Amino acid sequence: MGFAAQRFNVNLSILFTELPLLERPAAAAAAGFGAVELWWPWVGSPTPERSELDALKKAIEAAGVRLTGLNFYAGQLPGPDRGALSIPGEESERFRANIDVAAGFARSLGCTALNALYGNRVEGVDPAEQDALALENLTLAARAADEIGAVLLIEALNKPESPRYPLVSAPAAVEVVDRVNEATGLGNARFLMDLYHLSMNGEDLPSVIERYASRTGHVQIADNPGRGAPGTGSLPLADLLDGLRKAGYDGWVGLEYRAGDRPSGSAFDWLPVEQRAAR
Ligand SMILES: O=C(O)C(=O)CO
């Protein structure tokens, strides 16, 4: 099966970033893709002007691509932050203010997956206090996602690059997924299985796949080392995606890798054009 059996979408917050935001959807379409995903695009603003939301919606629609995933506001990302929802005070408030805006934007484009990054540990704050706040905020986010028919994704990052992020293993993220589902009774919280982050953590990927594929709502890939395109590192990504398929995962696979020195449009030679057009 290899890559042929998957539905791929392009992450426009890491690929095509040499272009202004509003030009990226068309660039993805020109490279043959039918679907895209985004981190929250307005890094400094959880509640951007209506005109900014409308302009991005128009750019996505005009490009003829589908938005299949969107991150909630997550602070300065990429940057020092890794989410806002477990940070007491202003950041938590900003996350809350963003929930309906992000869900509304997702709904307006038929996007049914919202990713909520947990946030870093804060020096001097009790981790238990941060976890209690996180559960409250994730509960609100799960309800908002449910109202638009979406899943709420919870992602494990990697410890070397995110040393203060507490969810740095598949079991740690899945435990939060379970807690949110218990709190809401909705069952729409799902694991975001990012194979790059998990491999950076030294996890046994085939066994993570076997164990958690059924609770996975989205998959992201990059090769390791280097966070580049498949084939630039040593991860057996075709085999791993085969394993996911066999384990019953049939959702989207997000291409969340860096193009390196070349233009993003030339970073897809590993994927035949006819396998890029899923929508
Ligand atoms: O920050 C990252 O690396 C992410 O994967 C965010 O979704």
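I begin with the classes I use for side chains: Ala, Val, Leu, Ile, Met, Phe, Trp, Tyr, Cys and Pro count as nonpolar, Asp, Glu, Lys and Arg count as charged, and the others, Gly among them, count as polar. With these classes in hand, I note that the shell around the ligand has four nonpolar, three polar and four charged residues. I keep in mind throughout that this is a predicted model.

**Entry: the ligand and its surroundings**

I looked up which residues surround the ligand, and I found W39, N71, L77, N115, L117, E155, L157, D194, H197, R227 and E256. I then asked where the ligand sits, and the answer is the largest pocket.

Next I looked at polar side-chain atoms facing the ligand's oxygen atoms. For E155, a polar side-chain atom lies 3.0 Å from an oxygen atom of the ligand, and for H197 I again read 3.0 Å from a polar side-chain atom to a ligand oxygen. In R227, an N or O atom of the side chain is 3.0 Å from an oxygen atom of the ligand. I also looked up how much of the ligand is covered: taken alone it exposes 230 Å², and the protein buries 95% of that.

**Entry: what the UniProt record says**

I checked the record for this chain, an unreviewed UniProt entry, and it places the feature "domain: Xylose isomerase-like TIM barrel" at residues 26–271. Over that stretch I read 40% helix and 14% strand, with the end C-alpha atoms 19 Å apart.

As for its place in the fold, E155 is found in strand β5, which covers residues 151–155.

**Entry: backbone details**

I looked for cis peptide bonds and noted one that joins L77 and P78, where omega is about 0°.

I noted another cis peptide bond, which joins N224 and P225 with omega about 5°; here P225 is found in the loop between β7 (216–221) and α8 (237–246).

Lastly I looked at F16, a residue other than glycine, and found that its phi is positive, near 65°. I place F16 in the loop between β1 (7–11) and α1 (24–30).

How values were computed: Residues are numbered from 1 along each chain as its sequence is written. This is a predicted model: local features need pLDDT of at least 70, side-chain atom pairs count only at pLDDT 80 or more; totals for chains, interfaces and linings use all residues. Side-chain values use heavy atoms; hydrogens and water are left out. A residue is near a molecule or strand if one of its heavy atoms lies within 4 Å of it. A polar contact is a pair of N or O atoms within 3.5 Å; within protein, one must be able to donate a hydrogen and the other to accept it, and residues adjacent in sequence count only if both atoms are side-chain atoms. Accessible areas come from the Shrake-Rupley method with a 1.4 Å probe; for residues, only the protein chains shown count as cover. On a 1 Å grid over the protein atoms alone, a cavity is a set of points where a 1.4 Å probe fits but cannot get out, and a pocket is an open set with protein on both sides within 12 Å along at least five of seven lines; lining residues have an atom within 4 Å of a point. A molecule sits in a cavity or pocket if more than half of its atoms lie within 2 Å of its grid points. UniProt positions are given in the numbering used here, feature names are shortened, and annotations may be inferred rather than shown by experiment. Helices (H or I, at least four residues) and strands (E, at least two) are DSSP runs, numbered from the N terminus.
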